[in-house]
Amino acid sequence: MKWVLVAVIVVATTAAELLQTAGMKRHGEIHDFRPAALGRVAARMATNLHVVFAVALMAVSFFAFMALLSTADLSFAVPATAASYVLETALARVLLKEKVSRTRWAAALLVALG
């Protein structure tokens, strides 16, 4: 059961972060941080399906992580779910067409191996 939860966390986190990135790239950079402007951004994000699905998947990841912590040690859970860093880096390159330098690959791999 532990490894099923790890897989759910890795897949949900990876998908959520890719969707969140795609949604924010569609929205554009936020320049105005006054409360009223942030309220308008929040309202716009609530209609951005990429962001909405990203939030839902982050919730799935969070609750799967809570379930994992009820059956496994934190010293297992955190390193086991670090596989998401490598998967996110690979998918960012393929799906989001990001340039990933050797340094970024090395960093993702070092975190995952840690």
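## Thr89 and its contacts

Thr89 touches Val100, Trp105 and Ala108, leaving aside residues up to four places away in sequence. The model is predicted. Thr89 sits in helix α5. Its relative accessible area is 16%. Buried means under 20%, so Thr89 counts as buried.

Thr89 can also be placed relative to Gln20. In sequence, the two are 69 residues apart. In space, their C-alpha atoms are 14 Å apart.

## Helix α1

Helix α1 covers residues 2-27, which makes 26 residues. How far apart are its end C-alpha atoms? They are 37 Å apart. At 1.5 Å a residue, the helix should span 38 Å, so the two values agree.

Just after α1 comes Gly28. Gly28 takes a positive phi of about 100 degrees.

## The buried residues of α1

Buried residues of α1 include Leu5, Val6, Ile9, Val10, Ala12 and Thr13. Thr14, Ala16, Leu18, Ala22, Gly23 and His27 are buried too.

Which helices do the buried residues of α1 pack against? They pack against α2 (35-45) and α3 (49-71). They also pack against α4 (74-81) and α5 (83-94).

## Ser61 in α3

Ser61 lies in helix α3. Is Ser61 buried or exposed? Its relative accessibility is 7%, so Ser61 counts as buried.

Ser61 touches Ile9, Ala12 and Thr13, not counting residues up to four places away in sequence. Ile9, Ala12 and Thr13 are among the buried residues of α1.

Conventions:
Residues are numbered from 1 along each chain as its sequence is written. This is a predicted model: local features need pLDDT of at least 70, side-chain atom pairs count only at pLDDT 80 or more; totals for chains, interfaces and linings use all residues. Side-chain values use heavy atoms; hydrogens and water are left out. Helices (H or I, at least four residues) and strands (E, at least two) are DSSP runs, numbered from the N terminus. The expected span of a helix is 1.5 Å times one less than its number of residues. Buried means under 20% relative accessible area, exposed over 50%, partly exposed in between (1.4 Å probe, protein chains only). Contact means heavy atoms within 4.5 Å.
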